[in-house]
Amino acid sequence: MADTLPSIRLDHISRHYHMGETSVRAVDDVSLSIAGGEFLALLGSSGSGKSTLLNLMAGLDRPTAGSIVADGANLAALSPLELARYRRNTVGMIFQSFNLLPRMTLEENVELPLRLAEVEHSERAGRVREALERVRLTHRIGHRPSELSGGEQQRVAIARALVNRPKILLADEPTGNLDSATGEAILNLLRNVQSQLGMTIVMVTHERPLAERFADRLATMGDGKLLATSPAPKAVAQ
Amino acid sequence: MKARDLTDLALRNLREAILRNALTTLGIAVGVASLVAMLSLGVGLQQLASKRLSQSGLFDTIFVTPKNNFRGMGRPQPRTAQSDKPPRPLDEDARKQLEKLPNVIEVYPQIRFFTEVRFNNKPYSTVVAGMPESSQNSGAFDGMQGNFFSSGYADEAILQIEFAKDLSDKPASLVGQDLILRYAERQGNPLAGSDASAAVGGFSVVPKELKLKIIGIVETEPAAGYGGYGNARLLIPLQTATTLRAAQVNDLRDIVRGDSSDKLTYSSLSVRAKSPSQVETLEASIKNMGFNAFSLLDASKSLRTFFSVFDLLLGIFGSLALAVATLGIINTLVMAILERRREIGVLKALGAADADVQQLFFVEAGVMGFLGGIFGVTFGWLLGRAITFGTNVYLKRQSLNPIELSSVPWWLVILALVFAVLVSLGAGLYPASRAAKLNPVDALRYE
C-alpha cells in the first residue's frame with residue numbers, strides 16, 4: 001500500500017540537450033508526485049523521454065530546469081559527491097541489459113554496492129546471501145553471469161539493487177530482454193519485494209499489459225511531456 | 001571506497017587483461033632496469049674512484065714544506081719585519097709537533113733521490129724513494145709480484161716493472177736476488193761549530209753502498225700522496241731511506257743558502273689526516289705553525305661535482321626508456337577506459353563517486369609501476385652484475401685485477417621504486433581523470 005507522503009516529487013522538470021544548433025527537449029516541463037511504497041509504471045514509445053526522466057530520478061543526470069525531491073533531498077542542489085551517496089544509499093537500479101560485471105561472480109556482483117558504501121567486511125557476506133535468497137539464487141552464488149539465463153541475470157541485478165536496502169527502486173525496461181514468461185516472473189518478484197520491503201518502484205516499460213497487471217499507477221509520456229497518469233486497472237479492481 | 005577494496009578491484013582488473021598489463025609492466029621494468037643499470041654503473045665507478053683515491057691518500061694528505069721552499073733559490077729574501085726572522089726549518093721537532101696535531105694518523109718525509117744501482121756488476125741510474133708502511137694499503141701494491149717490505153727498517157727493495165725489465169729479461173726471476181744501492185751520504189762538516197769561518201757552512205757528501213734484497217716487483221707506478229713517488233723506480237722502506245741520510249736535491253739549496261747545520265731537515269713532510277673532512281682545519285693549523293701546506297681537497301670537491309653531473313647524465317639516458325614506458329601506461333589505461341566504459345557507468349550508477357573511479361585507475365597505474373619497479377630493479381641489478389662480470393673477464397685476460405664496476409645501494413632501490421610508482425601515477429593522471437569525468441548515462445548506453 002502506498003504511503004500518503006511523496007517519495008519522489010518532480011516539479012516542472014525539463015532536460016534539454018544541445019545537438020549542434022538544435023536543442024532537443026528530452027523531458028519538457030514534467031511535474032509528478034510518486035508516493036512512498038507506490039509502484040509507478042512509466043509508459044511511452046521510444047524517445048518519449050521516459051528513460052531520461054528515470055535517469056534524472058536516479059541522480060545520474062541533472063535537470064535543465066525544475067526540481068526533483070527524492071526522499072527529502074533536492075537532487076538538483078546536491079554536489080556530485082552527495083549525488084553519488086544518494087545513488088549508493090537511497091536508490092537501487094536495474095537495467096534492461098542487466099549490467100552485471102561479467103568478470104565477477106554473482107556474490108562479487110552483489111557485493112559491489114556494499115564495497116562502494118564502505119560496509120564492514122564482516123557484515124557483507126550475510127547481506128549478499130540475504131539479497132540472493134530474496135531472488136532465490138543462493139545456489140548459484142559462485143557462478144559468473146555468463147553461466148546464467150537472462151531471467152536469472154536480471155534476478156541477480158535485482159539482488160544487487162536491493163543489497164544496500166534502498167527506499168526507491170528504479171527499473172529501466174527490466175523485462176525488455178526477456179521472454180514474456182520470464183518477464184512476468186521478474187515483475188512478480190519486484191511486486192513481492194515491494195510488498196515485503198515497502199519500497200517505491202518506478203519502472204520504465206513499453207509493455208502496457210504487464211504494467212497494467214503489476215503497477216499501481218501508469219504515467220504515459222510522449223515527446224518529453226507527461227501526457228497522462230492513471231491508476232492501473234489492477235489497482236482499480238482492488 | 002576503502003583502500004583494501006580499491007586495491008582488490010584494481011588487482012582484479014589488472015588480472016583480467018593480464019597479457020596487456022603484463023606487457024605494460026614489462027615496459028616499465030625495462031625503463032627502470034635501464035635507469036638502475038646506468039645509475040649503478042655511475043655509483044659503482046664513483047665508489048671505485050673514491051676508494052682508490054682515498055687509499056692512495058691523495059685527499060687525506062697535506063703536503064707540508066718550509067716557508068722558504070718555493071722561493072727561488074739564491075733569490076734575495078723580501079725584507080719585511082717577518083722575514084728578518086729565518087723561516088722555521090722542517091726538522092724532526094717540527095715532524096713530532098705535526099704528529100701531535102689532532103686527527104693526524106702519521107707524518108712522514110718525502111725522501112727521494114737520484115742515484116746509481118749495481119746489479120750483476122752493471123751500473124743502472126734510477127730514482128729511489130722511501131715508502132711509508134701505510135702505503136701498503138694504498139692500492140698501488142695490489143697484485144704485485146713478491147711481498148711488501150717485512151719491516152720499516154728492512155734492507156729490502158721493490159722494483160717498478162720497467163726498471164726490473166731493464167735489469168733482467170725475466171723480471172720475475174729478480175725476486176730474491178740482491179742489488180747494490182750506491183748513494184751519497186750527507187755528513188756534517190767536522191769544522192762547523194769549531195771554527196767561526198765555518199759559519200758559511202757546508203757539509204760533506206760521502207759515497208756509500210747498501211746491499212738490498214729484491215723482494216717484490218710492482219706493476220703500476222706507486223703514487224702515494226701529493227708529490228708522491230710517481231717517478232721512483234726503486235722503492236725502499238721509509239725508515240731505511242731516512243737512516244741512509246742520502247743527499248737530496250734540497251741539500252744543494254742548503255749549501256747555496258749557507259745552511260751548515262748537520263741537523264736533519266726535510267724538504268717536505270706528508271701529513272695524513274684521519275679523513276678528508278678534517279684536512280681543511282688541519283691545513284689551517286699547519287699554516288699557523290709557520291709552514292706551507294697544500295692539499296688536493298678542492299680536487300676532491302671537483303671530482304664529486306663531476307660524478308654528480310655524470311650520474312645525472314646517466315640518469316637522463318636511463319630515463320629515456322622509462323619515458324617510453326610512461327607512454328605505454330597511458331596507452332594501456334586509455335584503452336582500458338574505452339573497454340570498461342560501460343563498467344564505469346555501472347559503478348557510477350551503483351554509487352561510485354568520481355573520486356572512486358579516479359582512484360581505481362590510479363591504483364591500477366600505481367600497481368603496474370610498483371611491480372615494474374621491482375622487476376626493473378632486479379633486471380637492472382642483474383644487468384650491472386653482467387657488465388661487471390664481462391668487464392672482469394676482460395680484465396683477467398689483460399692480467400689486471402677484478403673491479404666492482406656496478407653498485408646498487410639501498411637508496412637506489414628505494415629511489416627506483418618510488419620513481420617508477422610516481423612516473424606511473426603521473427602517467428595515470430590523464431586516463432584516471434578522463435574515466436572519472438565520464439558521463440554515467442553515456443557510459444551505460446555504450447555497447
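Biologist: Which residues touch the most other members in the largest nonpolar core?

Modeller: Of its 125 residues, those are A:Leu42, A:Met57, A:Ala159, A:Leu170, B:Val32 and B:Val36. A nonpolar core here is a set of buried Ala, Val, Leu, Ile, Met, Phe, Trp, Tyr and Cys residues joined through C-beta atoms within 7 Å. Buried means 20 or more other C-beta atoms within 10 Å of the residue's own, exposed 12 or fewer, partly exposed in between, with C-beta atoms placed from the backbone.

Biologist: And which helix gives the largest share of this core?

Modeller: Helix α2 (residues 18–56) of chain B, with twelve residues. Helices (H or I, at least four residues) and strands (E, at least two) are DSSP runs, numbered from the N terminus.

Biologist: Before I forget, what are the ground rules on numbering and confidence?

Modeller: It's a predicted model, so local features need pLDDT of at least 70 and side-chain atom pairs count only at pLDDT 80 or more, while totals for chains, interfaces and linings use all residues. Residues are numbered from 1 along each chain as its sequence is written, and chains are lettered from A and ligands numbered from 1 in the order in which they are written.

Biologist: Back to A:Leu42, what is it in contact with?

Modeller: Leaving aside neighbours within four places in sequence, A:Leu42 contacts A:Lys50, A:Leu53, A:Leu54, A:Val202, A:Met203, A:Val204, A:Ala219 and A:Met221. Contact means C-beta atoms, placed from the backbone, within 7 Å.

Biologist: Switching topic: how many residues does each chain put into the A–B contact?

Modeller: Chain A puts in 20 and chain B 17. On the chain A side, α2(A) gives the most, six residues.

Biologist: What about the sheet in chain A, which order do the strands take?

Modeller: β6-β7-β8-β3-β9-β10, an open sheet of six strands with mixed pairing. Strands pair if DSSP finds at least two bridges between them. The edges are β6 (91–94) and β10 (225–231), each pairing on one side only.

Biologist: How do β6(A) and β7(A) pair, parallel or antiparallel?

Modeller: Parallel, over four bridges. One bridge partner of note: A:Met93 goes with A:Leu170 in β7(A).

Biologist: Last one, why is B:Val357 counted as buried?

Modeller: Because B:Val357 has 27 C-beta neighbours inside 10 Å. B:Val357 is found in helix α10 (residues 354–397) of chain B, and its C-alpha is 5.3 Å from that of B:Ala436, 79 residues apart along the chain.

Technical notes. Two residues are in contact if their C-beta atoms, placed from the backbone, lie within 7 Å.
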